[in-house]
Amino acid sequence: MTGSLANLSDPSRRDRRVFLFLQGPHGPFFNALGRMLQATGAEVWRVGFNAGDALFWRDRAHYIAFRRPLAEWPARLSGLLDEKGVTDIVLYGDTRPIHAQATAIARARGLCLHVFEEGYLRPFWVTYERGGSNGHSRLMRLSLDDMRAALPKTDRELKPAPDRWGDMRQHVFYGATYHFAVLAGARAYPGFRSHRAISIAQEFRLYLRRLLLMPWHAIERRLATARVMAGGFPYHLALLQLEHDASFRAHGPFATLGEFAETCIRGFAEGAPVHHHLVFKAHPLEDGRSPIARDIRRLAARHGLKGRVHFLRGGKLARLLDQAKSAVTVNSTAGQQVLWRGLPLRAFGQAVYAKPEFVSTQPLAEFFSTPAKPDRDAYNAYRRFLLQTSQVSGGFYSATGRRRLLRRVVDMIVDPREPYETRPEADAAPAQQSRPLSAEGS
């Protein structure tokens, strides 16, 4: 049972929690979380797979370097679980090979698996679940009726969905720092291979390029957005994700962003009114490893849509959504902002919010012609359930966000009940908080 602590029923282990941390988000969050868990009386260990993992873990006495080929990882992990008497495994995302293998072993042994992810309601929240996230989340098996039944009777008003990513500069900075450390310390970890399709050196160069070009990209983005907003035409949004993102790869039907763009543009050409436009909005962390801008221009010309298809390099979503007709995505968490505004949404992949009550299943040409609107009451019940269970206010990357997150998530981790078995008060962002967490200092 990965969602409970049933494995602690043995009297010899009942009061002994031993946490094994695997890979976490870039930066110091896992280190801070480990220290807090030690303060509860637990024993905490960290496995590092490269020099980037080692850089952000301060407790050298409880750091275990894994330097062997990936093929040897399952056997090494099983040995560590026995040697340390591990009761809990903590990781960030559950689809990269290292974590997928650990997840399978944890389930087979009945260990408690704690999974962190970026917030399903970004950016003021982080997701904390037991057993799996995204397409492996327990949310995939819960119906709206289940959620409504679990909700306490309350008249508490839901806060608006935040319209910014949050922690952007820190996110990019820690990503660049991490990949530089991995590259510089590669000889110390000869068995490490990234779960990405590109090399660590390429990954570092992309992060560094992204960091250096942020001012220029901001200017380019503002000009492109202004052209769309000044155009006066009705438009639909296509919400792009990172091609290497776990949700896109593991829980969607497309191998590349280009395939998704082809599907969107073809459906738009077949069904949208001739005066409507299609706007592709890139993910805020898009770094150019995918030639999506070029693909969109080529596909628009092929389908006779030159001048009616636009590409925006990231930017704020709220302003675009306020005037959009509808949105399409694979399974981006930005779909939550679409639904919050009551806009029609078509999702192609597995997503925790892809419930039939508020996400369209229409053929795409029909969707662009006459998109079905979501059930607002159903979505509000769903969102309230998330805020009272797995969504924890705070962030991984800024100091302010980490402090906010740690104040609540440590108690959730040591609680025998999993998040979806509890009903705490809604953990909404403060009403006065209109800036991203990164603006509050780091």
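Hi everyone, let's start at one residue, Ile89. Setting aside neighbours within four places in sequence, Ile89 makes contact with Leu20, Leu22, Leu81, Ala102, Ala106, Leu111, Cys112, Leu113 and His114. Please keep in mind that this is a predicted model.

So where does Ile89 belong? Together with Phe21, Leu22, Leu33, Val47 and Phe116, Ile89 is among the residues that touch the most other members of the largest nonpolar core, which has 55 residues. Which element gives this core its largest share? That is helix H15, residues 399-414, with six residues. There is also another core, lying apart from this one, with 44 residues, including Phe233, Leu237, Ala327 and Tyr382.

Now for the sheet. Seven strands make up an open sheet with mixed pairing, and if you want to trace the order on your screens, read S3-S2-S1-S4-S5-S6-S12. What happens at the edges? Strand S3 (63-65) and strand S12 (391-393) each have a single partner strand, so one side of each has no neighbour in the sheet. On average, and ignoring direction, neighbouring strands here are turned by 25 degrees against each other.

Let's zoom in on one pair. Strand S5, residues 112-118, and strand S6, residues 125-130, run antiparallel and are joined by five bridges. If you'd like to find one of them, look at Glu118, whose bridge partner in S6 is Val126. While you are on S5, notice the helix that lies across S4 (88-92) and S5: this is H4, residues 97-109, and H4 runs at about 155 degrees to S4.

Moving past S6, we come to a residue I rather like. Asn134 sits in the loop between S6 and helix H5 (144-150).

How many cavities of 30 Å³ or more turn up in a search of the whole structure? The search finds three. I picked the second largest cavity to show you, with a volume of about 60 Å³. The lining of this second largest cavity consists of Gly24, Pro25, Gly27, Phe30, Arg46, Gly52, Asp53, Phe56 and Tyr178.

Note on methods
Residues are numbered from 1 along each chain as its sequence is written. This is a predicted model: local features need pLDDT of at least 70, side-chain atom pairs count only at pLDDT 80 or more; totals for chains, interfaces and linings use all residues. Side-chain values use heavy atoms; hydrogens and water are left out. A nonpolar core is a set of buried Ala, Val, Leu, Ile, Met, Phe, Trp, Tyr and Cys residues joined through side-chain atoms within 4.5 Å. Buried means under 20% relative accessible area, exposed over 50%, partly exposed in between (1.4 Å probe, protein chains only). Helices (H or I, at least four residues) and strands (E, at least two) are DSSP runs, numbered from the N terminus. Contact means heavy atoms within 4.5 Å. Two strands pair if DSSP finds at least two bridges between them. Axes are lines fitted to C-alpha atoms, for helices over the stretch in contact, and angles run from 0 to 180 degrees between N-to-C directions. On a 1 Å grid over the protein atoms alone, a cavity is a set of points where a 1.4 Å probe fits but cannot get out, and a pocket is an open set with protein on both sides within 12 Å along at least five of seven lines; lining residues have an atom within 4 Å of a point. Grid points are joined across faces, edges and corners, and a volume is the space filled by probe spheres set on the points.
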